[in-house]
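Here are my notes for you, point by point. Keep the structure open while you read.

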Amino acid sequence: MIPLSWYLILSAALFSIGLFAVLARRHAIAILMGIELMLNAVNVNLLAFWHYWSQVKGAPQVNGMVFAAMIFVLAAAETAVALALIISAYRRHHTVVVDEMSLLKG
Amino acid sequence: MSALQWVFIIASLITVGAAVMMVASHRMMHAALWLAVALLGVAVIFVTLEASFFAVVQLLVYIGAILILIVFAIMLTQRSTEAGSRLNSLAWGAAGVAGVIWTALTYVFIRWVVSGTPMQELGASFDDVVLLGKALVDAEGFAVPFEVASVLLLAALIGAVYIAFERKGEGS
Amino acid sequence: MTAFWQDPITFLRLWLEGLLLSWGVPASWVLVIRFAVGALLLATAALLLVILQLWLERKLIGRIQDRLGPNRVGPWGLLQPIADVLKIFTKEHITPAGADRVPFNLAPVLSVAAALMVWAVIPFSATVMGADLNVGILYLLAVGALGELAIILAGWGSNNKYALLGALRTVAQLISYSVPMTLSALVPVMFSGSLHLNVITQAQEVWFVVLAPVPALIFLTASVAEVGRAPFDLPEAESELVAGYSVEYSGLKFGFFYVAEFLKAFTVSLIFAVLFLGGWRGPGAEAYPVLGFVYLMLKSGAVYLLMILFRGTLPRFRIDQVMDLNWKVFTPLALILLMVIALADYFLRGTFPFVRVLGLLGINGLAYVVLDRLLSSRERLRRRPVAQPVRPVARPENLITSSDAGGQA
């Protein structure tokens, strides 16, 4: 069967790609997508450990599942607010490129 | 190798490939499509973990809600998306950081004894949905976080509507 | 081992598994092959069903509209859909200038795939079920999201104003109507205590449509809206949007959307039959699973005929009426009914089944009457008579008239 390490490596890869998107992309929505990818990586990790812990205990455990469910809720809320902010910023500044939103730099 | 392992390998290759294409694609709409592929791949990974509830919720929440919101936002902000480079000046540094993190994590995971444990089948006798549902409304369990999460969603809903609402007479 | 004529599908499945195992194929690969063959057969059967459906719908709509319907190709026009398919195969593929090719070509495929994926979890009889998924209902709702994605892709990829407008409007409608649909689908879940479709079917000693007629009505209407059929066919309102998101598609690609539309219509009738009409349940269905399949098809066929009747007899809504109906009527009603039925069923569950049925029916009737009063009082408020000049009126009984107000003057 599939070893735990495969899931962990996959999740690390997804997390790194998401991190790169957050750090390097200029488009605000692309940054948001990177964050979604990172949250997904975390979820893969959580569910892999949930499965591992359930099989160690011999009965399904609930903590990992609740954590994963909370992350879904969090992701939904975060996306809604972030997209609203992006659209609002686009209305005022006519750009969604984060480098160009530099009003506070003076 | 068993069939399940092949399923995992194919799904994870597709997921990682789609994620890379998402970062690399120039047009935002294509990036959103690649994100959809990556999210579907993650759903398949959840199925191999016997978390079918989360695989379905992944489809429902990420594809059904988040991705469609993102696509709508891309359409609404279309005019400014085509110009300029897609990466900023930090790109090489960011790639370095991400690469180092991945290499280090992978090294740790391969060396770590626990992570070599093969996943056993949990057995079809238990119903994880019932377990999760009971835990979420159990006062001894996770009732408080559950309620807080619902308040968070409501706050996000109202906040998002308030922020994005177009107010008349407040032009740029 | 059951006999072939009792349960042919299980018989064939066991035979195939035995054959593969005797060839020395490992057990996990046998599972993969079994699922692949099953998916292929199911998808083919579903798509072939569409051919029959096309004929039936055109014929019935023809009769409703006082026409004959197709009657040239084959006996009673039965081969007309095949002729149509052949015609559509030979047509040219046109990609509009400036179209985004990948989404444009992906959308029709995804649209059909989303409709077909639903069939994977439907319990066709006591023993035959594609994927034994313990979150069946959630899966049904989730797959609907893929259909929405397909429509957005079509609208975006076409590089056409009307296609984009149609797609946005369709998605707004689909997202809105999935709210009351989900809420009313929770009622069967509550009665049976499971998200598994087969468990829900087995729990229907009394059909849930009897226990919860108003949620069933909401579910039916919302699912008609979900598939975008008349009277909710705003996505393709010709007078406003040309043909909606499929305006730039031609040939086989348009055929895909067309097939997806009909397939979705039958699929939602299938879902309705499973959730509210007892699925495969019926006399003798436990002992002879084949009968269960026949019952399920008869039930969903009846629901489908009802949908054809809707299409033939009701005029199209306006977009504001569609949204009004959803957010001001269906969503609050479904929410209130969910809570009221939960409470009522909690107290009535211990009593005699007959009392339970009567009690739930009474509550549903009460909810319906209250809703009706509220709606009609609102309508009365809105329809204040407004003074307006007398206009000439053409009525059948006074076509020839000289008076402005009409009548035999």
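1. How many helices and strands does the secondary structure of chain B come to? Six helices and zero strands, where helices (H or I, at least four residues) and strands (E, at least two) are DSSP runs numbered from the N terminus. Along the sequence, the pattern reads α-α-α-α-α-α.

2. A quick word on ground rules. This is a predicted model, in which local features need pLDDT of at least 70 and side-chain atom pairs count only at pLDDT 80 or more, while totals for chains, interfaces and linings use all residues. Residues are numbered from 1 along each chain as its sequence is written, and chains are lettered from A and ligands numbered from 1 in the order in which they are written.

3. Now the overall form of chain B. Its radius of gyration (taken over C-alpha atoms) is 21 Å, well over the 16 Å that the globule rule gives for 172 residues, so chain B is more spread out than a compact globule. That rule is 2.2 Å times the number of residues to the power 0.38. Along the principal axes, the C-alpha atoms of chain B fill a box of roughly 60 × 45 × 25 Å.

4. Next, where chain C meets chain B. The contact (C-beta atoms, placed from the backbone, within 7 Å) takes 22 residues from chain C and 20 residues from chain B. On the chain C side, α2 (27-64), α4 (101-117) and α5 (136-157) each supply at least two residues. The most comes from α5(C), with ten residues.

Methods. Two residues are in contact if their C-beta atoms, placed from the backbone, lie within 7 Å.
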